[in-house]
Amino acid sequence: VYKRQTNGPVAFDVHTDLIGAGRIRRRSLAVEFDEESLWTRSLPVESGASHLRVLCPEHQFLHLAVHALKHSYSRMIWLVDLGLVSKQLDWSELLRFGEAYGALRPTAYAARCLETILGIEIPGDVRLALPRLNKMETGFVDLVKRRRPEAEAFGEPLVAFSIPTWSGRLAYLYEYLFPSLRVLAGEAGPPAAWRVYSHRLGQIFKRGFFHLKGWFGSLLHRA
């Protein structure tokens, strides 16, 4: 829940799925949770209310990993949550579900961040089973570790690496850069289309600048 203006109306950001596919449909090309499995393996809340349930640790970890990547690990509380849930995991089940849902790559980011930032050891066989991150991805983790603001421009574009085909990656990136007018109007309010797309172009240039700044900064830091 958030307010657009100090004295303005309250806007509710309603999530109808775990990955935000209602906003960018092609996110489901990267990750797609099985809702039936989520409910089947969910656990009752320890409050005596049997109708209240939470995700099992493996599903919770996968969702946290996907969500944290989507938002570029901009809040360290998400990484702390991942660290806490990691203590309850059946790692073989995590890998099985991660592969089934297409969430192994977000899991690899989470594992790398947990090891390099929080010092949490990931089992060797799990580390070997996860996808190997490329230079851009390891550079992103380095920016997160150093708490560089440029990292915030990388999360959503990096989701493309979780999509198996190049056509799917390009389609996702296009939809990410140029969402529908309905989606953009939800972000920028109800003004005319030209104003909404002008606002979006400004966002793209700003993010492009942060991408370049972060890339050059990472190269200089390694040098």
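Where is the place of Tyr73? I looked it up in this predicted model, in which local features need pLDDT of at least 70 and side-chain atom pairs count only at pLDDT 80 or more, while totals for chains, interfaces and linings use all residues. Residues are numbered from 1 along each chain as its sequence is written, and side-chain values use heavy atoms, with hydrogens and water left out.

**Entry 1, the loop.** I found Tyr73 in the loop between H2 and H3, where helices are DSSP runs of H or I with at least four residues, numbered from the N terminus. Its phi is near 50°, a positive value in a residue other than glycine, and at 0% relative accessibility Tyr73 counts as buried (under 20% relative accessible area, 1.4 Å probe, protein chains only). I then turned to Ser72, which is found in the loop between H2 and helix H3 (76–86); phi of Ser72 is near 60°, again positive in a residue other than glycine, and Ser72 is buried with a relative accessible area of 3%.

In the contact (heavy atoms within 4.5 Å) I listed Phe61, Leu62, Ala65, Val66 and Leu69 of H2 and Pro106, Thr107, Tyr109, Ala110 and Leu114 of H5.

Technical notes: Helices (H or I, at least four residues) and strands (E, at least two) are DSSP runs, numbered from the N terminus. Buried means under 20% relative accessible area, exposed over 50%, partly exposed in between (1.4 Å probe, protein chains only).
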